[in-house]
Amino acid sequence: MAPPAVTKLGYTPPDGGWGWAVVLGSFISIGFSYAFPKSLTIYFKEIQKYFSVSYSQTAWVSSVMLASMYAAGPVSSILVNRYGSRPVVMVGGVLVSAGMVLASFGSTIIHLYLCVGVIGGFGLAFNLQPALTIIGTYFHVKRPLANGLAMAGSPVLLFTLAPLNQLLFDSFGWRGSFLILGAILLNCCVAGSLMRPVNKSLHRKPKSDSPECNGAAVEEGAAADASAQSDNLLTQESQNESKIQGCLQRFIDISLFKHRGFLIYLVGNVVMFLGFFAPVVFLAPYAKDLEIDEYSAAFLLSIFALVDMFVRPATGLIGNTKWIRPRIQYFFSFAVTFTGVCHLLCPLASGYSGLVTYAVFFGIGFGMVCALLFEVLMDLVGAHRFSSAVGLVTIIECGPVLLGPPISGALVDISGEYMYMYYACGVLVALPGVFFFVMNYYNYRKLDEEQRQSVAVEMRTGEEAPQPQLNQDESR
């Protein structure tokens, strides 16, 4: 197994033990964060009729929820760095549960935007980002596998929630269903209780290793050491400025905007997310528009989720191999391109069997992208900067996540056809895939050049170091 980038956490992650319980908690938290907004599409037809609104207006419910989840990323990142993952996830579980309970009493579509979208979205943000961050503190060598297993929570819960929501809707209507879902979402608090902070003292690195951090406590210690070493070098004014910068850096690492790999990842993802979620949101409504019965339409989401469920851990296993991991960015580029091509071919599918085939291939592509989405970010910036990187990425991506489904819904309203929406989403996903291929090739070349230059400098330094001593010996 090829080793990944050197860890800068200041300790050696245990790569197992209680870490697998943490993966279970992350499995539940990530599962609800990603699957829950998609599963709500089962209620869209009824909500649309009940409030007499359009496709586009209805799509804003899940869109606002996803956008709020992304927009709250920096807030979640700051709280995780300050308090750790466990309390943040538990607070998030209470928030999203309260949002659904309040939504069950909604009288307008705006009420649903606020309760399901904003309150529920913030609750999901407090589940997603801490669950992603804590895996990097427990795993290093097995990190792609751990991430793949944790990310599999989304399709597993979607596979469960899609038929469950249809059953709840038939039995209790959308209001009663929202009330029951509020109770189910309290399981996020149970997931948070599993996220015990890693015991860094048991896995401390030797002092020769440079201890950089991925948490508030370690960062504070590193900042204190740096401050002690520089007391005799800095003026009082410089020290105060350094403390302010260190305080800001502890909460969010804005220097990432100078990181080449991070910028490549960010630009490609912003475009990709404009068309990433809409095909899932409109899959069941598309099937119903083709006069397929409601349970069969809901079952398409279950098929999609079932395939996704097995693809994510399989992708983690493949990504952890010695052939893939050193160049895992190419694997991600392929996954994005494959998903975009699936959307472009979707309108060619005819009848229910055609939609089943599309759901299978879409599940493969979607599963690969989601399993690698945060692993490649961690590969680029390192586990010690991952929490800040996720926060910055999610706040920027909330724009396309918010606008994508409503724009797609407006396209359906204008054209009266779903095929144009799938064509548009296919282009918006496939083009970033090609962009990732080209730019990651460039980035890998630059990294190889920088590594060769660094080795050359070290060799020259090593050759020149003994020279003064030799000159002194000759002068004697």
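User: Where is Pro 326 found?

Analyst: Pro 326 lies in the loop between H15 and H16; helices here are DSSP runs of H or I with at least four residues, numbered from the N terminus. The model is predicted, so local features need pLDDT of at least 70 and side-chain atom pairs count only at pLDDT 80 or more, while totals for chains, interfaces and linings use all residues. Residues are numbered from 1 along each chain as its sequence is written, and side-chain values use heavy atoms, with hydrogens and water left out.

User: Why is Pro 326 called partly exposed?

Analyst: Buried means under 20% relative accessible area, exposed over 50%, and partly exposed in between (1.4 Å probe, protein chains only). Pro 326 has 39% relative accessibility, so it counts as partly exposed.

User: Why does Leu 431 count as exposed?

Analyst: Leu 431, in helix H19, has 55% relative accessibility and therefore counts as exposed.

User: Which residues make the nonpolar surface patch?

Analyst: Val 341, Leu 344, Leu 345, Leu 348, Val 427 and Leu 431 make a patch of about 530 Å². H16 (328-345) and H19 (419-464) each supply at least two of the patch residues, and H16 gives the largest share, 3 residues.

User: How are the axes of H15 and H17 placed?

Analyst: The axes of H15 (residues 294-319) and H17 (residues 351-381) come within 7 Å and cross at roughly 35°. Their contact has 18 nonpolar, 4 polar and 2 charged residues.

User: How far apart are Pro 326 and Asp 379?

Analyst: Pro 326 and Asp 379 are 53 residues apart in sequence and 9.4 Å apart in space, C-alpha to C-alpha.

Conventions
Patch = residues over 30% accessible without salt bridge, like charges linked within 9 Å, V, L, I, M, F, W, Y side chains within 5 Å. Areas by Shrake-Rupley, 256 points an atom, 1.4 Å probe, with all protein chains shown as cover. Salt bridge = Lys/Arg side-chain N within 4 Å of Asp/Glu carboxyl O. Axes fitted to C-alpha atoms, helices over the stretch in contact; angles between N-to-C directions. Nonpolar A, V, L, I, M, F, W, Y, C, P; charged D, E, K, R; others polar.
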